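This report goes through side-chain packing, surface and charge pairing in one protein model. The sequence and structure come first.

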Amino acid sequence: INNFMQYQLTEIYIDNRDWPGNNVKFWNTNEPGSRWRWILFDTDFGFSIYSKTAYEFNTLEYALVPDNTSWPNPSWGTLMLRKLLSNPGFKNDFVNQYADRINTTFASQRVVALVDSIKQIYSPEISQHIDRWSLNYSYYLSSINNITGFASNRPARAMQHLQSTLSLGDPLTLKVEVSSTAAGRVMVNSVVPDTYPFSGTYFRNTPVKLTAIPRPGYKFVRWEYGGFISYSRSLDYNMSLSARFRAIFEPA
């Protein structure tokens, strides 16, 4: 189920509109108990490569259309996500995992830096490539700008699409701190942030799960939040208000 969520939210986030009525693959093994996994491939329609404003498109709504009969999003292609989102538990997990990725993996600063790093790798080869195939260097630069523009603007739009399409509460800020990064980390729903303090956007009345993870040689002591203390390593917070949580660790 989590693999399906990550596959769906990634296709939706990058705005791949050559999907879900096309480019669908999945795999399994012959091992007992093996589960189906989804294959992400052929995503060249995504990331605004053909439009400067593709970041504005509500791809979540597009991936939930119930009655289309042809490419790119026929009803059979949207069926599984539509039906699963009718389950409240799946819906909460999907919303949180999408928000998790927007707050970390898909964060604008991170993605723009990755795009720039890849551009630098290929930079020495581009002029020869363009000469060999009689291409246009200005078009290449324009395409890069489209991609970085998408990376910069998509997170805010994607959060708006989540809120409006799935009728969620207002966006709220969740802050997470640790007493020492050498002593421990925190899993926020499905992700473990790289840096602290961590600040992310989630939605009112959609419960989030926080789990303290001590590093070797340390132990979890308590949570401190809003004048309260909890000694449970995992917390469920219903996001009634913006909140700050601090995980305290000490040597074991």
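## Aromatic cluster

One aromatic cluster is formed by Tyr13, Phe47, Phe90, Phe94, Tyr98, Phe106 and Phe150. The model is a predicted one. Over the whole structure, a search finds 20 aromatic pairs. In the pair of Tyr13 and Phe106, the ring centres are 4.2 Å apart and the planes meet at 5°, so this pair counts as stacked. Tyr13 belongs to helix 1, while Phe106 sits in the loop between helix 4 (88–103) and helix 5 (108–133); the pair thus links distant parts of the chain, 93 residues apart.

Are these two residues, Tyr13 and Phe106, buried or exposed? Tyr13 has a relative accessibility of 1% and counts as buried. Phe106 is buried as well, with a relative accessible area of 11%.

## Thr10 in helix 1

Phe106 also has a contact with Thr10, a residue of helix 1 (residues 2–13). Leaving aside neighbours within four places in sequence, Thr10 is in contact with Leu40 and Phe106. The side chain of Thr10 reaches back to the backbone oxygen of Gln6, at 2.6 Å.

Why does Thr10 count as buried? Its relative accessibility is 17%, and buried means under 20%.

## Nonpolar surface patch

Val24, Phe26, Trp36 and Trp76 make up a nonpolar patch on the surface. Together these residues have about 470 Å² of accessible area. One of them, Trp36, is placed in the loop between strand 1 (25–27) and strand 2 (37–39). Trp36 counts as exposed because its relative accessibility is 53%, and the cut-off for exposed is over 50%.

## Salt bridges between separate elements

The count of salt bridges comes to seven. In one of them, the side chains of Glu56 and Arg157 meet, at 3.7 Å from N to O. Glu56 is partly exposed, with a relative accessible area of 40%. Arg157 is partly exposed too, at 26%.

Another salt bridge joins the side chains of Asp236 and Lys209, with an N to O distance of 3.7 Å. Which elements does this pair connect? Asp236 is in strand 9 (residues 234–237) and Lys209 in strand 6 (residues 208–214), so the pair ties together parts that are 27 residues apart in sequence. Asp236 counts as exposed, at 60% relative accessibility, whereas Lys209 counts as partly exposed, at 35%.

## Further charged residues

Arg222 forms a salt bridge with Glu224, and their closest N and O atoms are 3.0 Å apart. Arg222 has a relative accessibility of 24% and counts as partly exposed. Glu224 is also partly exposed, with a relative accessible area of 26%.

Which residues are linked in a network of salt bridges? The network consists of Glu177, Arg244 and Arg246.

Note on methods:
Residues numbered from 1 in each chain as written. Predicted model: local features only at pLDDT ≥ 70, side-chain atom pairs only at ≥ 80, totals over all residues. Heavy atoms only, no water. Helix = DSSP H or I, 4+ residues; strand = E, 2+ residues; numbered from the N terminus. Buried < 20%, exposed > 50% of the residue type's maximum accessible area, 1.4 Å probe, protein only. Polar contact = N/O pair within 3.5 Å; in protein donor to acceptor, adjacent residues only side chain to side chain. Contact = heavy atoms within 4.5 Å. Patch = residues over 30% accessible without salt bridge, like charges linked within 9 Å, V, L, I, M, F, W, Y side chains within 5 Å. Areas by Shrake-Rupley, 256 points an atom, 1.4 Å probe, with all protein chains shown as cover. Salt bridge = Lys/Arg side-chain N within 4 Å of Asp/Glu carboxyl O. Phe/Tyr/Trp six-rings, centres within 6.5 Å; stacked < 30°, edge-to-face > 60°.
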